[in-house]
Amino acid sequence: MGATTIPAASSAAGVSDNWVLISTTTASASTLSITGISGYKKLKVIYNTASVPQIASLRFNNDSGTKYSSAGWQVNNSNQVSRYLSAFLTSSAIEAGPSNTENFNLEINSTDTTNAKTYTVLSGGTLYFATATGTYQATAAISSIQFGWATTSSAVVYLYGVAA
Amino acid sequence: MIPKIQIVNVLTGEVEIRDMNEQELAQYEIDNQPFLTTSNT
């Protein structure tokens, strides 16, 4: 048997995602709409702030059409699956969270295409951790993201992107 | 008190915070319905 040759790491341009920080926003309302997003093929939104209110809705392009399908589960602070998240063709990218979301991580793929977009959400708080993956069935590139919270939020929201 | 909406344009840097209009408020109230029935576990 011949020796195994390990391929050299590619140095071709464009291999790395090269995430860049697009904006940092301190929320001060019940709904936050981040607009003017252009020229990115992937987007990521994170926030990690104590006592951020419950998530009520998450939308792209302010689109409240029934175009979002997601599935996942929620684990409570006793390490038990306490809820299955299952939504097919609904008007929000994720189901409303039953508890404060102190740590939120959203990644959206194919944001610049005219085909469906996929996304994943990880979120957690003192009472639960939830994960879900979803599909947004829309043809327009994503140029804005809308967060709805149960009450006024003071989350510091970071938006990252990978250039198209 | 009417909930507020915050709009941030990352291209121009413009930030607007205002009361929700009638349509936005109606959608917001629909979105908040689950909190009336979902338990905290």
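I take buried to mean under 20% relative accessible area, exposed over 50%, and partly exposed in between, with a 1.4 Å probe and protein chains only. On that basis, buried residues make up 47% of the 164 residues in chain A.

The model is predicted: local features need pLDDT of at least 70, side-chain atom pairs count only at pLDDT 80 or more, and totals for chains, interfaces and linings use all residues. Residues are numbered from 1 along each chain as its sequence is written, chains are lettered from A, and side-chain values use heavy atoms, with hydrogens and water left out.

I looked up the secondary structure, as DSSP runs numbered from the N terminus (helices H or I, at least four residues; strands E, at least two). Chain A has zero helices and eleven strands.

I checked contacts (heavy atoms within 4.5 Å). In chain A, 72% of those with a separation of 6 or more join residues 24 or more positions apart.

I then searched for cavities, each a set of points on a 1 Å grid over the protein atoms alone where a 1.4 Å probe fits but cannot get out. I found one cavity of 30 Å³ or more. The largest cavity holds about 160 Å³ of space, a volume being the space filled by probe spheres set on the points, joined across faces, edges and corners.

Methods: 1 Å grid on protein atoms, 1.4 Å probe; cavity = no way out; pocket = protein on both sides within 12 Å on 5 of 7 lines; lining within 4 Å.
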